[in-house]
Amino acid sequence: MNAPAAVPPKQRKPDWIRVKAPVSEGYHATRRLMRDLNLATVCEEAACPNIGECWTKKHATVMILGDTCTRACAFCNVKTGMPRAVDPLEPEHVATAAAELGLEHIVVTSVDRDDLPDGGASQFVKVIQALRRNTPSTTIEILTPDFRNKSEAAVEAIVEAGPDVYNHNLETVPRLYPTIRPGARYYASLRLLESVKRHAPQIFTKSGVMVGLGEQRLEVHQVMDDMRSASVDFLTMGQYLQPTPRHAKVEEFVTPQAFDAYAAIARAKGFLLVAASPLTRSSYHAGDDFKKMQANRAEQLKREGANAAA
């Protein structure tokens with residue numbers, strides 16, 4: 001009667017998504033800098049499998065507005081609760097981190113802050129402004145929440161500040177939202193991405209999905225079509241990994257070959273850039289991908305100009 005509750009067996013990961021534990025000095029130096037500046041990173045909070053590789057190269061995705069989220073998505077390892085007050089020094093600390101790490105490209109994300117009147121949009125603006133002042137050569141990519149019920153005003157303020165890339169992830173197919181992303185609405189996220197392009201066509205837009213949650217192949221294709229209807233430039237796709245036994249379980253480990261097939265279809269649908277592999281994450285190789293997007297857009301404009309002349 002007093003036997004402990006059974007612990008579900010741990011799923012064995014296939015060889016293609018196993019990574020080495022981070023041990024390099026570069027990793028530890030990046031970690032020390034983040035602690036010294038009192039900055040959170042999504043690399044740590046979301047238990048990203050690429051943290052060893054990225055931090056060794058001194059690439060870190062800063063997570064602003066604290067480390068506590070007002071939502072509880074079934075896939076996410078960021079803690080949920082009542083967040084602390086917004087740190088007024090955070091924008092300058094982010095800029096200091098970018099300068100000390102010598103970043104050519106920085107990715108800034110945040111927790112959901114449904115407790116704030118603007119959802120935290122003004123802090124994104126302040127971070128972008130601080131980076132422009134302190135490290136003007138650094139290109140800026142932001143990964144925002146959906147700013148529930150206040151997205152239009154939030155988008156207007158943020159695009160006015162002028163990030164180079166605006167990322168907002170759809171995460172999964174619409175059918176799975178009630179269980180995987182219950183605090184969000186699929187079509188509200190699509191409208192946010194549309195709004196960015198409407199206000200600032202020159203800003204690259206980016207969105208990502210996880211696979212392995214029980215989605216069907218044709219559902220993923222429909223998400224691609226929806227993204228293209230919203231003029232999303234860059235699609236990222238990666239394998240969902242269950243961070244703890246409390247989170248949604250992995251329904252399938254999608255093979256590298258299946259990712260290649262998804263990527264081929266996405267390119268055919270007209271994305272400017274596609275990154276699809278088991279270990280792909282929103283910020284993985286973001287700086288290199290930004291340069292590829294710039295080159296691809298330049299080539300696209302050149303072709304359009306040639307066609308118009310003909």
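Strand S5 (residues 105-110) pairs with S6 in the parallel sense over 5 bridges; two strands pair if DSSP finds at least two bridges between them. Strands (E, at least two residues) and helices (H or I, at least four residues) are DSSP runs, numbered from the N terminus. The model is predicted, and local features need pLDDT of at least 70, side-chain atom pairs count only at pLDDT 80 or more, and totals for chains, interfaces and linings use all residues. Residues are numbered from 1 along each chain as its sequence is written, and side-chain values use heavy atoms, with hydrogens and water left out.

S6 and S7 run parallel and are joined by 3 bridges. Strand S6 (residues 139-143) is mostly covered, with 5 of its 5 residues buried; buried means under 20% relative accessible area, exposed over 50%, and partly exposed in between (1.4 Å probe, protein chains only). In a regular strand the side chains alternate between the two faces of the sheet. From S6, Thr139, Glu141 and Leu143 point one way, while Ile140 and Ile142 point the other way, and all are buried.

The open sheet is formed by 8 strands in the order S1-S2-S5-S6-S7-S8-S9-S10, with mixed pairing. Its edge strands, S1 (40-41) and S10 (273-276), each pair on one side only.

Strand S9 (residues 234-239) runs parallel to S10, and 4 bridges join them. Phenylalanine 234 has leucine 273 as its bridge partner in S10. Leu273 and Ala275 point one way from S10, Val274 and Ala276 point the other way, and all are buried.

## Lysine 206 in strand S8

Lysine 206 is found in strand S8. This lysine is buried, with a relative accessible area of 1%. Leaving aside neighbours within four places in sequence, lysine 206 is in contact (heavy atoms within 4.5 Å) with residues including Glu141, Asn167, Leu193, Phe234 and Ala286.

## Helix H8

Helix H8 (residues 186-199) has 14 residues and reaches 21 Å from its first C-alpha to its last, close to the 20 Å expected at 1.5 Å a residue. The expected span of a helix is 1.5 Å times one less than its number of residues.

The buried residues of H8 are Tyr186, Ser189, Leu190, Leu192, Leu193, Ser195, Val196 and Lys197. They pack against helix H6 (151-161), strand S7 (165-167), helix H7 (177-180), S8, H9 and helix H11 (286-309).

## The cavity

A search of the whole structure finds 1 cavity of 30 Å³ or more. On a 1 Å grid over the protein atoms alone, a cavity is a set of points where a 1.4 Å probe fits but cannot get out, and lining residues have an atom within 4 Å of a point. The largest cavity has a volume of about 50 Å³, a volume being the space filled by probe spheres set on the points.

Strand S8 (204-211) and helix H9 (217-229) each supply at least two residues of the lining. Among the lining residues are Thr172, Val209, Met210, Glu215, Val220 and Leu235.

## The chain overall

The protein chain has 11 helices and 10 strands. Of its 310 residues, 51% count as buried. Among contacts between residues at least 6 apart in sequence, 75% join residues at least 24 apart.

Definitions and conventions: On a 1 Å grid over the protein atoms alone, a cavity is a set of points where a 1.4 Å probe fits but cannot get out, and a pocket is an open set with protein on both sides within 12 Å along at least five of seven lines; lining residues have an atom within 4 Å of a point.
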